[in-house]
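Work through the exercises below with the model open. Try each task before reading its solution.

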Amino acid sequence: MRHYSSHVFPLPVSFSFWAAGLFLCLFFLLPLGVVLGVSLASRGLYGGVQWIGTFENYRRLADPMIGVIFVRSILFASLTTLVCAVVGFPLAYMVARASQRWQLVWLTLVMIPFWTNFLVRTYAWVLILRADGLVNSLLLQLGIESEPLPLLFTDLAVGVGLVYGYLPFMVLPLIVAIERIPPQLEEAAYDLYASVGAMFRHVVLPLSKPGFWAGGVLVFIPSLGAFITPYLLGGGQKMMIGTLIQQEFLVSRDWPFGSALSFGLMGTALVLWFVVSRTSLGKDVQ
Amino acid sequence: MRRLPGPIILSGGLVMVFLYFPILVLMGLSLNASTMGVAWKGFSLQWYAKLLGNPAMIEAAVNSLIIAFTSTSLSLLLGIGTAIRLEQQQSRHTSWMMAIIVLPLVIPEILLGVALLMLFVLCQIPLGFGSMIIGHMVFNLPLTVVILRARLRKMDPAWEEAARDLGATPWKVLTCITLPMLRPAIWGAALLSFTVSLDDFVVTFFVAGPGATTLPLKVFSMIKTGITPEVNALSAILVVVSMCCVGLSWIVHQRANAQSSTPSSS
């Protein structure tokens with residue numbers, strides 16, 4: 001970190017700094033304030049917002065119907081995070097410890113899905129899982145099944161879609177974390193007659209913790225608020241928070257309740273992010 | 001160095017297949033002459049031809065490009081200075097700024113969407129190009145700043161210090177040293193935020209007006225009304241475009257890392 005006392009910045013630099021600050025205040029902080037404000041207001045007769053203060057919307061969050069959706073979402077997000085960690089680790093290790101030339105190739109291959117259209121990547125699973133999709137066509141052709149299996153619009157489909165969608169978010173931080181582990185530590189473990197399994201258990205996995213934490217947050221938060229995946233692969237029947245919020249805003253037009261839901265989602269996400277950033281920060285300082 | 005354990009290579013390879021298999025299925029089906037199902041009925045580009053012949057599709061593509069280009073340019077305009085200022089001077093302002101820059105990248109996207117929707121509607125700002133460009137800037141600006149800052153942190157401060165010691169004005173240092181050294185990262189950031197903007201669905205979905213539609217919105221509405229081979233072709237186009245942009249930014253990034261970072265080399 002560079003510190004310049006009494007640093008003079010050219011005018012355009014200072015201007016863009018303050019302009020960017022103003023922009024984010026107006027179009028990021030202010031909208032979040034609007035969400036908070038509307039969540040404390042009442043629903044108008046025809047779907048608008050009536051500025052009558054109430055906690056009713058937050059009280060409705062405790063409704064068992066809503067509680068079930070929150071629990072479902074948290075469950076899905078946790079499972080997604082767990083599966084991403086388990087599935088992502090071998091790939092991350094392979095990339096982190098590849099020879100320099102191969103590393104570039106693997107890293108590029110991991111980067112591309114990270115930046116590729118999420119909607120399209122989810123849609124690809126519709127093509128694979130639907131009644132006349134790839135899996136069912138294969139099963140029918142091979143004579144394993146005589147009727148197409150109901151694969152799409154199931155919890156399994158949503159789970160697979162979430163893992164598929166957010167896996168790169170776990171793999172990239174893991175690669176960074178594993179690369180920071182000096183390979184000599186692994187050599188030392190082997191020299192001391194550790195088996196491959198023991199080496200991973202006692203050396204690589206504990207030292208990859210910051211990567212697991214960072215990746216965990218990056219997977220958990222968006223899966224908690226996922227909207228595309230439960231909509232396309234779950235058929236929107238079994239709701240998650242994301243689909244519920246979308247419905248409150250665009251279908252039921254109950255903005256105050258939708259805002260309370262959004263705030264519940266943001267609160268959950270922020271608390272988690274805060275806790276984890278403290279934890280992994282402690283690890284980094286160490 | 002010791003060879004990688006077999007099970008790691010096997011499972012890592014399988015996960016890589018898992019990452020690419022659906023994308024390949026999608027691309028394959030977009031080239032399939034069959035109108036229904038997945039049975040291969042021969043190679044055909046007819047679905048692409050059909051897309052190109054559809055004026056509504058061309059309009060959506062143009063809209064997407066305009067929005068992505070504008071939000072990327074404006075984000076660069078504000079982001080370059082912000083990143084430089086954040087990296088070179090730490091103060092109370094900058095730590096606040098860092099917080100509001102990171103937040104849009106970590107909160108669930110659907111929140112950004114509904115928050116902006118309510119702001120625009122309550123302030124009676126019409127939904128359309130303007131609202132979509134602003135919406136995209138809310139994530140493109142932070143993305144640009146984060147990428148540029150990572151690059152600035154790796155740059156050797158000695159060049160700027162030397163220029164200052166030799167009597168260069170701050171403006172001269174900025175234009176002759178900092179910006180040329182930052183150029184590859186600027187291109188990289190531009191390509192990535194262009195891609196993210198082109199691909200964005202959730203925020204766009206909430207702040208889009210009735211008039212203007214973008215390609216991802218088109219994909220979504222087509223999936224809702226029924227899966228046709230045209231959706232596959234459109235999706236495949238989107239995937240290929242993002243792959244090209246990401247690949248290009250990756251090459252720029254690698255070049256920048258390979259070069260010894262000197263102001264004269266770019």
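**Exercise 1. The interface**

How much area do chain A and chain B bury between them, and what share of it is on carbon and sulfur atoms?

Ground rules come before the solution. This is a predicted model: local features need pLDDT of at least 70, side-chain atom pairs count only at pLDDT 80 or more, and totals for chains, interfaces and linings use all residues. Residues are numbered from 1 along each chain as its sequence is written, chains are lettered from A and ligands numbered from 1 in the order in which they are written, and side-chain values use heavy atoms, with hydrogens and water left out.

Step 1. Take the area. Chain A and chain B bury about 8700 Å² between them, with 82% of it on carbon and sulfur atoms. Buried area is the accessible area (1.4 Å probe) that two parts lose on being put together, summed over both.

Step 2. Count the residues. Chain A brings 91 residues to the contact and chain B brings 98. Contact means heavy atoms within 4.5 Å.

Step 3. Look for polar links. A salt bridge puts a side-chain nitrogen of Lys or Arg within 4 Å of a carboxyl oxygen of Asp or Glu. Polar contact joins 6 residue pairs between the chains, both residues at pLDDT 80 or more. Such a contact is a pair of N or O atoms within 3.5 Å; within protein, one must be able to donate a hydrogen and the other to accept it, and residues adjacent in sequence count only if both atoms are side-chain atoms.

Step 4. Find the main contributor. On the side of chain A that touches chain B, helix H1 (residues 11-39) of chain A gives the most, with 22 residues. Helices are DSSP runs of H or I with at least four residues, strands are runs of E with at least two, and both are numbered from the N terminus.

**Exercise 2. The fold of chain B**

Step 1. Chain B has 11 helices and 0 strands.

Step 2. Its C-alpha atoms fill a box of roughly 70 × 65 × 35 Å along the principal axes.

Step 3. Of its 266 residues, 55% count as buried. Buried means under 20% relative accessible area, exposed over 50%, and partly exposed in between (1.4 Å probe, protein chains only).

Step 4. Among contacts between residues at least 6 apart in sequence, 73% join residues at least 24 apart.

**Exercise 3. Salt bridges within the chains**

Step 1. Take one in chain A. Asp155(A) pairs with Arg72(A), the closest N and O atoms being 3.7 Å apart. Asp155(A) is in helix H7 (residues 155-179) and Arg72(A) in helix H3 (residues 64-96) of chain A, so the pair ties together parts 83 residues apart in sequence.

Step 2. Asp155(A) is partly exposed at 35%, whereas Arg72(A) is buried at 18%.

Step 3. Move to chain B. Glu87(B) forms a salt bridge with Arg149(B), with 3.1 Å between the closest N and O atoms. Glu87(B) sits in helix H3 (residues 55-88) of chain B and Arg149(B) in helix H6 (residues 129-154), 62 residues apart. Both Glu87(B) and Arg149(B) are buried. Salt bridges link Glu87(B), Arg149(B) and Arg153(B) in a network.

**Exercise 4. A buried serine**

Is Ser223(A) buried or exposed?

Step 1. Ser223(A) is buried, with a relative accessible area of 0%.

Step 2. Ser223(A) belongs to helix H10 (residues 209-224) of chain A. Its side chain reaches the backbone oxygen of Val219(A) at 2.3 Å.
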